[in-house]
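Please find below a short note on the model under review. Comments are given as numbered points.

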Amino acid sequence: MAAVRIKDGFYWVGAVDWNVRDFHGYTTHRGTTYNSYLLVDEKIVLFDTVKAPFFETLMAHIREVIGDPQKIDYLVINHIEPDHGGAIAKVVEAVKPEKIFCTRNARLGMIGYFHREDWPFVEVKTGDELKVGRRTIKFLETPMVHWPDSMVSYIPEDRILISQDAFGEHYATSTRFDDEANFCELFQEVAKYYANIVLPFSPQVQKVLKTVRDLKLELDMICPDHGVIWRRHVKEIVEAYDRWSRYEARPRVLVIYDTMWNSTEKMARALYQGVLKEGVEVEFFKLSVSDETELMAEVLEAKGLAFGSPTLNNGLLPTVAGFTTYMKGLRPRKKLGVAFGSYGWSGEAVKHLNRIFEETKTEIVHEGFKVKYAPTEEDLRKCEEIGRLLARKVKEACGVQG
């Protein structure tokens, strides 16, 4: 992969990682990219770096554009997480930048990682500007989108937003722009990225979007630190972030469960049929054969959640406990939920699932239903009724008629 010209004097110089499949627990079936950008004006500026093993790739791409990397005057570090900042120490050594622009938290973070207080840091805040020739770089702090150090950089003359993790996706491709990629695959990966990385910070996303509106930033391109550059679907990706960060969801139900001796699975299937009979889209996920990362993307877009688990040692089945713990940390909100499950002698699983609903501020539309040993025909009819109830509540909440 070579350096790619994005606009006159502005280049992608990052790296494509085709082989990564696990990103600290996040499954990346389609790999990822570590995007870095080079602005060539009277001053030459490098925005962010790459994961440490890709340092030589970054240097090779920089040489393609400007020859000697020491022509770079400034580094702008929008985000220090090691997938973007892992190569910073080697880059500073190779480039010897005159200045490193970053937030205060980024400066402290880089000192924490690299123990180099002598680097030429320049702290910036929202509204600060840097003139680099014909162009200007405006800085906008975005704390917790995705780390405390985070900020974005805006080039008004080109209407380019360099957005670090925001608007990114883990998607390795030989194409660099959204209109060159498979759009269905791309948006699946964007939703998956939001659900698994950005979702906990949705209130902060809303604040950033408000600031962008208040500052009247016009966007021709969004250049994130992962995935493709947005140039054709800028409006769509911004609208998707706005919708997801307001926790809007579709009239759709997920039946998520696991089972020991098929009793809970029978209950899940009856509940599924109930949802279906109300004409609501429903999907069925057995956790022992489901990918948690992919499933969170489904949770993002679904209004209704039906969780089922048998009781094991007074608790949840490990697969259910694992996924609900993961989901709880990602803080989905404004869902509707019901819990169900079978048991042998104690039957605490439904109580535990309801507590998880409370902790995620999910509206519980039924107190939950548990069955001793195996469900009877009457029990299955009750499960179906609970499914119908959840579906009706979902339609009501989503404004669906009928």
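The points below begin with the overall fold and then turn to aromatic and charged side chains.

1. The model is predicted. Its secondary structure comprises 12 helices and 24 strands, and the C-alpha atoms fill a box of roughly 75 × 45 × 35 Å along the principal axes.

2. Of the 402 residues, 58% count as buried. Among contacts with a separation of 6 or more, 72% join residues 24 or more positions apart.

3. Phenylalanine 10 belongs to strand S2 and tyrosine 37 to strand S7, so the pair ties together parts that are 27 residues apart in sequence. Both residues are buried.

4. For tyrosine 272 and phenylalanine 284, the ring centres lie 5.6 Å apart with planes at 80°, so the pair is edge-to-face. This pair links helix H8 to strand S18. Tyrosine 272 counts as partly exposed at 23% relative accessibility, and phenylalanine 284 counts as partly exposed at 27%.

5. One aromatic cluster is formed by Phe167, Phe183, Phe187, Tyr194, Trp230, Tyr241 and Trp244.

6. Two charge-over-ring placements deserve mention. The charged end of arginine 231 sits over the ring of phenylalanine 177, 3.8 Å from its centre. Lysine 370 lies over the face of tyrosine 343, 5.6 Å from the ring centre.

Note on methods
Residues are numbered from 1 along each chain as its sequence is written. This is a predicted model: local features need pLDDT of at least 70, side-chain atom pairs count only at pLDDT 80 or more; totals for chains, interfaces and linings use all residues. Side-chain values use heavy atoms; hydrogens and water are left out. Helices (H or I, at least four residues) and strands (E, at least two) are DSSP runs, numbered from the N terminus. Buried means under 20% relative accessible area, exposed over 50%, partly exposed in between (1.4 Å probe, protein chains only). Contact means heavy atoms within 4.5 Å. Rings of Phe, Tyr and Trp (its six-membered ring) pair if their centres lie within 6.5 Å; planes under 30 degrees apart count as stacked, over 60 as edge-to-face and the rest as tilted. A charge sits over a ring if NZ of Lys or CZ of Arg is within 6 Å of the ring centre and within 35 degrees of the ring normal.
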